[in-house]
Amino acid sequence: MALGTATSNGFKSFDIRGTYMLSNLLQELALARDHGRKRIVLDEARLTENPVDRLSRMIKYSFWNALTRRIDGEGLEIICADPKNRTGRVNPRIYVPHGEPAMAEYYRQVAREKPHLNLDVQVLPPKPDDPAYVKSLNNKPGILALAMQEVDNGKGQKVLKGIPFVVPGARFNELYNWDSYFISLGLLVDGYVNLAKGMVDHFIFEIKHYGKILNGSRSYYLCRTQPPFLTDMALQIYNQLDRSDMEENRRWLKRAIQAAIKEYHTIWVAEPRMDPKTGLSRYRPDGLGIPPETEATHFTHILEPYAAKHGLSVLEFSERYNDGTIKEPELDEYFLHDRAVRESGHDTTYRFEKRCANLGTIDLQALLYKYEVDIGTAIREVFDDELGLEEDFALAPFPPTPESYADPSKWERSTSRVQKSEEWFRRAEWRKGIIDKYCWNESKALYFDYDTVQEKQSLYESVTAFWTLWAGCASEEQCWKLISQSLRKFEVLGGLVSGTEESRGKISLDRPNRQWDYPYAWPPHQIMAWVGLERYGYLEDAQRLAYRFLYMMTTAFVDFNGVVPEKFDAVKLSHLVDAEYGNQGIDFKMVPREGFGWMNAAYQVGLTYLSTGMRRAIATCTSPEVFFGQAFNAQPAHAAQAYAAANNDPLGLAMDTLKLSSPVMEPASLSQAPPQMQITGAENADAHGQHQHEEQKQEQHQQGVQDGSRPQWR
């Protein structure tokens with residue numbers, strides 16, 4: 001396929017060769033159409049753009065923007081759309097927390113000014129997470145109000161405006177808990193500090209008004225949270241805030257740490273999540289009935305035997321079970337564990353099948369250890385070793401025992417004394433002891449979940465064992481054993497799988513695969529392992545794993561028209577996932593516009609781990625088997641020859657001729673393109689000053705990787 005060049009007025013032509021160039025051309029044409037352009041002048045360098053640069057650029061300048069939402073009069077129509085809503089009602093509904101009358105009136109005013117929205121504004125009761133109340137909202141789902149800020153409307157008046165945040169994407173069109181942590185890491189790499197900061201503001205608001213950082217900001221999530229990352233998220237952002245107003249920065253961090261302390265005491269070390277006998281915390285949320293946000297047939301195979309027992313259809317049985325006219329204790333137990341699985345973020349996996357609520361998982365213990373260390377460090381280093389708490393709540397006793405938890409009315413109140421760092425460091429040290437006691441298995445050189453009911457380890461091998469390295473609660477010896485004896489169990493061609501094939505067990509029609517089991521790889525597991533390995537000095541291992549995952553992402557991006565999915569089959573290197581509801585982030589036309597939140601972040605964070613040579617090799621789609629098979633173990637003197645050999649293939653040689661940073665054009669600039677469709681040569685790139693600027697920034701970034709000045713994720 002040939003296109004005329006602009007410099008020759010169409011006399012000379014430029015050949016479009018190969019699927020990658022054709023895919024890029026179609027994507028650029030789709031973007032032009034989005035901007036109402038029928039003809040454009042397109043730089044040929046855009047069609048042969050280095051795929052690593054192209055994907056990273058699209059994430060930074062396009063995907064984050066497309067995933068950004070606001071809850072206010074301007075953003076309601078987009079954010080209220082809920083693909084998980086099966087009630088048939090499509091008109092928006094918003095729930096405003098008790099104690100925010102100005103916010104409630106704001107949304108009522110929006111409803112009056114925009115009657116076409118049919119906006120239903122509801123005010124929640126003082127205790128919005130009562131299980132019976134939350135179940136009563138199943139047929140009335142809605143978005144939950146989040147934090148707002150006062151801004152000047154240009155007329156000398158103060159008005160409320162929603163604080164922007166980033167959603168995961170696809171069917172997940174609301175603020176999520178642990179997704180937001182990993183998304184924030186990507187935002188920080190790309191310089192969107194205030195956007196990440198706003199997401200922490202929303203979490204502070206949720207803890208204040210909803211009692212916890214919610215699984216997601218919809219009414220059906222009011223009883224559930226997700227893995228806790230608030231302290232590290234806040235500290236990462238604090239370290240990158242503008243230093244011109246340190247006092248305001250400290251006030252902001254103070255609010256975040258105060259909120260985290262409240263969440264810690266009232267959620268994670270409070271019953272029912274706390275097991276006082278062992279001191280281990282569990283994913284164990286309240287709730288009643290069948291989770292309404294799942295696919296319509298998700299629980300059919302579970303409910304069919306009970307429906308047959310009562311002589312009812314599945315639908316009829318579901319209605320009667322939900323309204324309490326039918327009692328089934330065994331089914332109650334099943335849904336207790338199912339809700340716990342969803343709170344864990346790992347929904348679903350055979351690791352947690354029918355037992356999750358009883359497990360002191362290794363990942364949760366590691367996260368809480370990190371909370372304790374972070375809170376203690378912040379109090380000591382930022383707040384002069386004294387932090388007062390303004391909200392009144394009960395402080396869980398320490399150390400936990402069945403006796404101390406027997407009468408919560410005797411517990412200390414949060415406002416009775418200031419918080420000192422020493423207490424939090426003692427809590428962290430104590431937690432490290434119970435992690436070693438209950439979760440570490442010396443003979444298997446791995447951490448395991450602990451079943452608090454059966455009082456034994458659950459021997460499913462999970463890659464979350466490496467979260468202990470991220471948190472810093474493993475000893476040097478334990479770290480060495482994890483890496484030397486256990487890492488290989490999870491490492492495959494495309495990175496780290498969630499669990500081992502042996503632990504998952506055999507798959508059949510009656511026992512289908514689960515998306516958080518082998519052979520699937522997820523961004524959180526990769527990022528946590530990279531950071532943890534680097535923390536303990538194993539940077540080469542972190543780089544190898546980052547290379548594997550980013551290679552898988554890049555080849556999918558190149559071969560499948562720019563796809564950036566929620567997860568991967570890391571054994572087959574495929575985004576086509578045959579488990580549960582399949583994959584997210586793959587349903588787009590012509591050009592990817594969002595990617596997927598934490599996958600976008602994994603790419604941007606992962607690039608900070610790669611050397612320039614690794615980055616070039618990924619751009620040429622050099623397989624990890626080739627790259628590490630010849631280059632990884634080579635002596636420094638022979639590394640260059642080994643790397644050259646690793647690229648001795650036609651695709652590699654062709655791609656290697658590309659510039660590492662090709663001139664690029666922001667999608668928005670298409671609206672300014674001259675009204676003609678022709679190709680310009682690289683010699684015309686000087687007309688795009690912003691291209692050179694981005695190229696310089698890219699070179700600076702690569703230099704930062706080489707000289708060790710890249711961001712530190714710990």
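Glutamate 105 and arginine 108 both sit in helix α5, three residues apart, or about one turn of the helix; helices (H or I, at least four residues) and strands (E, at least two) are DSSP runs numbered from the N terminus. The model is predicted, and local features need pLDDT of at least 70, side-chain atom pairs count only at pLDDT 80 or more, and totals for chains, interfaces and linings use all residues. Residues are numbered from 1 along each chain as its sequence is written, and side-chain values use heavy atoms, with hydrogens and water left out.

The side chains of glutamate 105 and arginine 108 form a salt bridge at 4.0 Å, N to O, where the term stands for a side-chain nitrogen of Lys or Arg within 4 Å of a carboxyl oxygen of Asp or Glu. An α-helix has 3.6 residues a turn, so residues three or four places apart point the same way. Glutamate 105 is partly exposed, with a relative accessible area of 36%, and arginine 108 is also partly exposed, at 35%. Here buried means under 20% relative accessible area, exposed over 50%, and partly exposed in between (1.4 Å probe, protein chains only).

Helix α5 (residues 101-113) lies across β5 and β6, running at about 165° to β6. Axes are lines fitted to C-alpha atoms, for helices over the stretch in contact (heavy atoms within 4.5 Å), and angles run from 0 to 180 degrees between N-to-C directions. The strands under discussion belong to an open sheet of three, in the order β6-β5-β7, with parallel pairing. Its edge strands are β6 (120-123) and β7 (143-144), each of which pairs on one side only. Two strands pair if DSSP finds at least two bridges between them; β5 (residues 93-96) and β7 run parallel and are joined by two bridges. Tyrosine 95 has leucine 144 in β7 as its bridge partner.

By the salt-bridge rule, the count comes to 53. One of them joins glutamate 174 to arginine 218, with the closest N and O atoms 2.4 Å apart. This pair links distant parts of the chain, 44 residues apart: glutamate 174 is in the loop between β10 (165-166) and α7 (178-189), and arginine 218 in the loop between α8 (193-210) and α9 (230-238). Both glutamate 174 and arginine 218 are buried. Another salt bridge is formed by the side chains of glutamate 491 and arginine 548 (2.8 Å, N to O). Glutamate 491 lies in strand β16 (residues 491-492) and arginine 548 in helix α20 (residues 539-559), so the pair ties together parts that are 57 residues apart in sequence. Glutamate 491 and arginine 548 are both buried. A network of salt bridges links Glu28, Arg46, Glu49, Arg54 and Arg57.

Turning to helix α22 (residues 612-619), six of its eight residues are buried, so this helix is largely enclosed by the rest of the structure. The buried residues are Thr612, Met614, Arg615, Ala617, Ile618 and Ala619. Cysteine 621, which follows α22, has a positive phi, near 55°.

Histidine 298 is found in the loop between α10 (246-268) and α11 (300-309) and counts as partly exposed at 22% relative accessibility. Leaving out residues up to four places away in sequence, histidine 298 touches Arg342 and Glu580. Histidine 298 and tyrosine 581 are 283 residues apart in sequence and 9.0 Å apart in space, C-alpha to C-alpha.
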